[in-house]
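Visitor: Please take me through a single part of this model in close detail, with the cut-offs behind each term. I would like one connected account.

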Amino acid sequence: MFKIAVAGTGYVGLVAGVCFAEMGHQVICVDIDENKVKLMKSGMSPIYETGLEEMMQKNYSAGRIDYSTDYNSAYKDADVIFIGVGTPEQPDGSANLAYIATVARQIAESVEKDCLVVVKSTVPVGTNDKVEQFINDFLVNDVRVEVASNPEFLAQGSAVHDTLYAERVIIGTESKWAEERLMKIYEPFHLPTVSVNRRSAEMIKYASNDFLALKISYMNDIANLCELVGADIQDVARGMSFDDRIGSKFLNAGIGFGGSCFPKDTKALEYIAKQNGYELKTVKAAIDVNKEQKTMLYKKASKRLITFNGLKVAVLGLTFKPGTDDLREAASLENVPLLLDQGADIYAFDPIGAANFSNVYPQGQYGQGRITYVDSAEEALKDANVCFIFTEWGEVKAVTADAYKELMRTPLVFDGRNIYKVEEMKDAGVEYHSIGRPPATRESVKESKKLVSEVIGS
Ligand code: NAD
């Protein structure tokens with residue numbers, strides 16, 4: 001078993017650290033955020049992930065994991081140091097490597113024995129070469145330090161499961177020593193492992209994420225066309241899914257992808273291509289479609305209603321997807337300010353993300369608009385004039401079609417996640433607009449076609 005240090009205790013670093021401890025390694029997780037470290041030492045997780053807190057407590061009690069802000073003590077005698085700090089998007093679309101550089105410098109100043117540094121963060125191709133050079137340039141002690149790439153593929157909301165039962169582990173190394181050490185660390189997980197060189201490993205991460213983003217944007221593009229020609233995207237997706245070459249996953253149309261990865265990783269790869277004199281047309285298309293899609297529902301609703309001013313608007317779901325408290329690039333963050341600007345009286349419900357959202361938009365008045373946070377979907381829907389569904393939480397899916405009819409003043413629903421069958425909403429007497437499907441209204445498909453063509457044309 002190895003002595004492992006992990007830099008950064010976000011979704012990637014903390015989950016990796018806890019899972020390494022679960023497999024019997026000795027782990028120390030480092031973060032610069034003292035509050036986070038205090039919280040973790042008290043057995044609480046700073047992020048919401050199913051099963052994470054229980055596993056933190058179990059391994060902390062067993063003495064296999066600890067948390068610290070003292071990077072020097074954590075790094076000096078580590079066999080392996082994983083880097084899981086953020087690489088956020090910069091205004092030009094490139095990845096900000098400042099956090100990686102800081103950790104690299106801290107490692108160079110601290111390590112007192114031979115050590116493998118493993119970059120888990122998503123970084124542009126060639127970054128690992130630079131990190132290795134950087135560390136060796138600043139190395140204080142006469143020790144061997146090599147850098148390996150081990151990109152992370154977990155999805156927020158199922159991060160622990162995705163780590164323990166990963167579909168593959170990608171190992172990018174430039175020496176047998178580094179490859180063997182990294183293989184040994186992952187041995188107890190018994191997972192399929194792909195060993196390649198560092199640059200290929202870095203590219204596998206971007207190519208995988210951007211392919212998934214492309215798949216989502218493709219389905220959203222087709223969904224918009226479905227509305228124009230009177231087809232149903234869910235039936236289309238079902239028909240497509242039987243083809244093994246296409247697969248059945250990531251075929252759901254909606255209001256676009258969000259989160260901390262797809263938006264920034266598409267832009268970063270487009271930037272890398274540009275820097276190399278190449279235009280990555282497919283990825284650019286995925287980005288463009290997504291930008292339009294994020295406000296598709298709002299635009300549809302704006303065409304349907306004269307105004308939002310003075311209307312009670314129920315907003316169901318704020319996070320970028322269910323199972324997480326993360327709001328990064330969530331559709332709600334694009335749509336709520338538009339609604340507030342238009343004077344909407346918003347009643348928002350999210351089972352986990354409301355606290356984070358209220359840090360950005362505290363409950364209260366915004367010009368003529370207002371936002372109030374409530375504890376249930378039913379409370380949000382009571383007497384509402386219109387409802388927007390942004391996240392398909394179980395608590396939202398549990399609301400029956402009849403409940404919209406019974407609770408709302410005017411049962412008018414704009415669903416960005418295609419939760420309901422159009423027929424059931426129609427039967428319940430709810431006017432229902434979703435993505436890529438005919439609406440449930442008194443209107444004919446022809447009228448809906450008009451609505452969509454106005455939105456797309458605007
Ligand atoms: P995050 O923002 O949730 O966490 C980063 C953490 O690093 C923060 O807690 C921050 O305080 C800490 N930090 C910053 N500087 C530090 C330093 N010098 N030493 C120690 N800690 C430091 O980030 P995340 O979502 O976990 O993502 C991390 C990386 O992994 C990114 O490159 C991201 O693209 C990639 N990734 C993320 C996901 C995901 O689902 N979130 C999935 C795969 C890959």
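Guide: Domain 1 and domain 3 bury about 630 Å² between them, and carbon and sulfur atoms give 44% of that (accessible area, 1.4 Å probe, lost when the two parts are put together, summed over both). Of the area that domain 1 buries against domain 3, Tyr-11, Tyr-48 and Gln-156 supply 77%, more than any other three residues. The model is predicted: local features need pLDDT of at least 70 and side-chain atom pairs pLDDT 80 or more, while totals for chains, interfaces and linings use all residues. Residues are numbered from 1 along each chain as its sequence is written, and side-chain values use heavy atoms, leaving out hydrogens and water.

The chain is assigned domain 1 (3–196), domain 2 (205–293) and domain 3 (296–456), with bounds from an automatic or database assignment. The C-alpha centres of domain 1 and domain 3 are 39 Å apart. Eight residues from domain 1 and 10 residues from domain 3 take part in the contact (heavy atoms within 4.5 Å).

Now to the ligand. Domain 1 and domain 2 both give residues to the shell around the ligand, so the ligand lies between them. The shell has 27 residues (a heavy atom within 4 Å), and the closest are Asp-31, Lys-36, Thr-87, Gln-156 and Lys-264. By class, nine shell residues are nonpolar, 12 polar and six charged, with Gly counted as polar and Tyr as nonpolar. Helix 1 (11–22) and helix 5 (98–110) each supply at least two shell residues (helices are DSSP runs of H or I, at least four residues). Helix 5 gives the most, with four.

A side-chain N or O atom of Thr-87 is 2.6 Å from a ligand oxygen, a backbone N or O atom of Val-12 is 2.9 Å from one, and a polar side-chain atom of Arg-328 is 3.2 Å from one. The ligand alone exposes 840 Å², and the protein buries 90% of that (Shrake-Rupley, 1.4 Å probe).

Definitions and conventions
Polar contact = N/O pair within 3.5 Å; in protein donor to acceptor, adjacent residues only side chain to side chain.
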